[in-house]
Every structure is written in structure tokens, then in C-alpha cells.
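Me: Please take a close look at the cavity. What lines it, and which salt bridges does the chain hold?

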Amino acid sequence: MDLKSNEPFWLIKNGILNSYPSLHEDTECDVLIVGSGITGSLIAHQCMMDGYDTVLIDKREVCNGSTSATTSMLQYEIDAPLYELKDIVGEEIALASYQACSDAIDRLEKIAKSIKSSAGFERKKSLYFASTQKDSKWLYKEFEARKAAGFKVEWLSDEEITKRYDIQKNHGGILSNQGASVDAFTLAHELLAFNAKKGLRIFDKTELTKVAYKRGFNLCTLSTSATIKAKKIIYCVGYESANMIKEKFVNLLSTYAIISEVDKELWQKYKDVLMWNTSEPYLYMRTSDDYRFLVGGEDEDFRNPEKRDALLAEKEQKLVKSFKKMFPAHDFQLDFSWAGTFGETKDALPYIGAHPDFKNSYFVLGFGGNGITFSVTGMEMVSDWLKGKKHKLSEAFKFGR
């Protein structure tokens with residue numbers, strides 16, 4: 001599956017930061033991680049910290065799947081509003097899921113500092129505003145739910161939002177203290193390089209083609225004809241898992257993004273805030289660490305990469321138009337546009353855990369707008385499972401729920 005269009009901004013901006021060999025000799029390990037994006041790099045980081053002999057493989061170049069196309073907005077807010085999620089999965093799971101995403105932002109900051117990252121991790125506030133007067137009513141209900149749960153939030157009227165952020169056509173919204181952004185492509189590369197120096201074995205252009213389940217281990221055959229004997233496999237394959245797992249558990253969507261030329265004036269005004277609205281599909285906006293302004297949205301059901309990419313020019317113009325309608329006092333000089341694939345689940349929660357068809361294995365699939373923060377939560381969950389411990393979110397994120 002092609003997870004992105006041909007010119008994702010982060011890949012063009014950063015180029016090939018590191019490359020790794022393919023694997024041509026048989027080997028063995030404690031943990032085999034399949035997938036080298038931001039999720040795989042985080043899980044590998046955890047496994048190395050826990051002292052496991054770890055191998056990571058990817059059928060592409062490392063970090064060259066959806067990680068190169070992500071917009072990397074780090075939010076504690078899940079795609080399902082908290083008050084709705086309580087009705088779907090129960091209050092305990094809903095609150096724990098939101099709290100886990102909040103905690104993940106804190107932990108990711110610590111990880112970035114610990115490896116001396118230059119990926120531009122920045123703390124930001126998050127503004128979630130109503131696109132219509134009708135949306136304002138349920139959004140205020142969401143504000144009350146978050147405030148009752150202990151999150152640091154403030155309700156802004158439409159006048160206050162216009163005054164602070166020059167956003168027209170809004171009907172009030174929630175301003176949260178907890179949020180951040182990062183260049184996930186660079187961070188993933190940094191994590192891999194950091195752990196490679198500590199003994200993580202990384203192989204790209206090495207596809208897992210067959211797994212034979214044995215007592216106490218899996219024998220993995222690769223596209224290079226080499227084999228890996230692994231005690232555990234952790235699949236960090238994102239949306240490609242839809243091609244692996246027989247039941248339908250995720251709905252794939254295409255999303256589109258544009259980014260401006262360097263505009264320090266625009267960047268200065270919005271550098272400290274993430275913005276998204278209640279439109280369906282919603283529009284989301286942030287600045288980058290190199291003085292640009294990013295706009296994303298215009299989601300469509302995913303059919304195939306060709307049809308997704310054929311819509312790019314049309315979606316690009318719609319996103320520019322949306323920006324100009326929302327920010328009539330500001331210009332947007334388009335520099336890059338791209339598309340990517342993401343997934344949504346029935347309850348907006350990820351799938352992290354074991355699957356009955358894959359023995360001695362776990363999946364870490366952080367779908368939706370919280371893919372990265374869910375992956376950080378997955379670090380803790382996998383660490384517990386490998387040590388034979390239970391995790392409080394295992395039932396909430398399991399397959400077949």
C-alpha cells in the first residue's frame with residue numbers, strides 16, 4: 001500500500017538522513033520490530049531501554065512510509081469528544097485514554113531531550129473551535145467534560161478567538177494548555193540512530209514475507225531469503241495492517257496538507273498554538289519549526305493511491321481557500337502540498353495488543369489524529385507485556401472489543 005503521495009514535505013525538507021543495509025544472513029533476537037516509522041522507532045527505543053536484543057526491519061527505506069507525510073500535531077484530544085467517548089466505552093476508559101495521550105506528550109518531550117533531538121519539539125496550546133453555531137453547543141459541553149476531568153482548559157468566545165487569533169467564521173472554542181508539535185520524520189530517524197549506537201540492529205528494504213509459529217519463538221522468512229528467529233514480533237505497520245488482518249477493524253481515509261513558503265510574520269503570530277475546528281472533515285493548522293504555516297484536512301475515503309493523488313490539485317486549492325476565508329488578513333504563499341493515508345476506528349481508540357491469528361506477537365497501531373501519542377502509550381504497554389505484566393488499557397485497546 002502506498003501511504004503517501006510523491007512529495008511529502010518532511011521527506012523533501014530533510015532528505016535521506018540515515019540509511020541502513022538489508023539483511024542477508026540468518027539471525028535471531030529477543031524482539032523483532034516490523035516497521036521503522038515513528039511508532040517502530042519509539043517501540044525500539046523502549047525495547048533497548050529494557051535490555052532486549054532487538055532487530056528492526058522495514059520493506060522500504062526507514063521512516064519512508066506515513067511518517068514522512070504526517071503533520072505531527074501532538075494532542076491529548078482524541079478524535080471522539082470526551083463526553084461522547086464516555087458513552088461509547090465508559091467513563092473509566094474514556095478518561096484513562098485522554099489522560100494517556102496527555103501523559104504521552106510529556107513523555108515525548110523527555111525522550112526528545114534525552115537523545116538531544118533537533119526535531120523541533122515545541123510545547124503549544126491547542127485551540128479547538130466551532131465552525132457553526134450548532135457545533136458551539138456540543139463543544140461547550142465538551143469543555144465542561146474536560147474541565148471536570150481536570151484538564152487545563154479555557155472557553156473562548158467567538159470575539160475572543162477573533163481578537164487573539166484573527167480567526168473569522170468561528171463560534172467559540174476550547175483553548176487547552178496541553179499540546180505540542182514535532183518533525184516526526186526527523187525524530188524517528190534520530191531515535192533509530194541513537195539506538196543503533198547502543199546495539200539496535202536495523203535493516204531496510206527487508207520485507208517480512210512468512211512467519212512460522214514455533215513453541216516459544218517465531219521463525220521469520222524475509223524477502224532477502226534470510227530468516228530471523230524471534231521470541232516476539234511487534235508489528236508497527238500502521239495502516240498496512242488492514243491488509244494483514246482478516247476482519248475489518250479500521251476505515252482508511254486520505255488526508256491532504258499544504259504548507260506555505262517561509263513567512264516569519266505569520267509564523268510569529270501562530271507559533272505557540274495548534275488549531276483545529278469542528279467541520280466534517282475538520283480542518284487543522286500549525287506552524288513548522290522552519291517558519292512555515294501548515295493546513296490540513298479535506299479527508300476522503302481511501303480507494304487507492306492513484307485516485308487519492310489525482311485529487312491533490314483540487315484539494316490543494318480548497319485548503320488555500322479555507323485558509324483565506326478563515327484568515328482574510330493574512331496571505332498564504334503555497335510551497336508544498338501532499339496527501340497521506342490514515343485510519344479511523346469505531347471508537348477513535350487505537351488497536352494495541354495481541355491478535356489471535358498472530359502468535360507470540362503484538363500490534364501497536366495508533367490510528368487517528370493521535371497516532372503518535374497513542375504510540376508513546378504503546379511503549380509502556382509493550383514494556384509491561386514483555387515483562388509478563390498487565391496494563392490498565394489492555395482491554396480498552398484490544399482487538400475484538
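Reply: On a 1 Å grid over the protein atoms alone, a cavity is a set of points where a 1.4 Å probe fits but cannot get out, and lining residues have an atom within 4 Å of a point. Grid points are joined across faces, edges and corners, and a volume is the space filled by probe spheres set on the points.

This is a predicted model; local features need pLDDT of at least 70, side-chain atom pairs count only at pLDDT 80 or more, and totals for chains, interfaces and linings use all residues. Residues are numbered from 1 along each chain as its sequence is written, and side-chain values use heavy atoms, with hydrogens and water left out.

The structure holds 1 cavity of 30 Å³ or more. The largest cavity has about 40 Å³ of space. Its lining consists of Ser254, Tyr256, Glu300, Asp301, Arg303, Asn304, Lys307, Arg308 and Leu311. S13 (251-260), strand S16 (293-301) and helix H9 (305-310) each give at least two residues to that lining. Helices (H or I, at least four residues) and strands (E, at least two) are DSSP runs, numbered from the N terminus. By class, the lining residues are 2 nonpolar, 2 polar and 5 charged. Here Ala, Val, Leu, Ile, Met, Phe, Trp, Tyr, Cys and Pro count as nonpolar, Asp, Glu, Lys and Arg as charged, and the others, Gly among them, as polar.

Now the salt bridges. Each is a side-chain nitrogen of Lys or Arg within 4 Å of a carboxyl oxygen of Asp or Glu. The count is 23.

Glu154 pairs with Arg164, with the closest N and O atoms 3.0 Å apart. The two lie 10 residues apart, Glu154 in strand S6 (residues 153-156) and Arg164 in helix H6 (residues 158-165). Buried means under 20% relative accessible area, exposed over 50%, partly exposed in between (1.4 Å probe, protein chains only). Glu154 is partly exposed at 32%. Arg164 is partly exposed at 36%.

Lys246 and Asp357 form a salt bridge at 3.7 Å, N to O. This pair spans 111 residues: Lys246 sits in the loop between strand S12 (227-235) and strand S13 (251-260), Asp357 in the loop between strand S18 (351-355) and strand S19 (358-365). Lys246 is exposed at 71%, while Asp357 is partly exposed at 35%.

Lys398 bridges to Glu395, with the closest N and O atoms 2.8 Å apart. Lys398 is partly exposed at 32%; Glu395 is exposed at 53%. Elsewhere, salt bridges with shared partners join Asp106, Glu109, Lys113 and Arg123 into one network.

Conventions: 1 Å grid on protein atoms, 1.4 Å probe; cavity = no way out; pocket = protein on both sides within 12 Å on 5 of 7 lines; lining within 4 Å.
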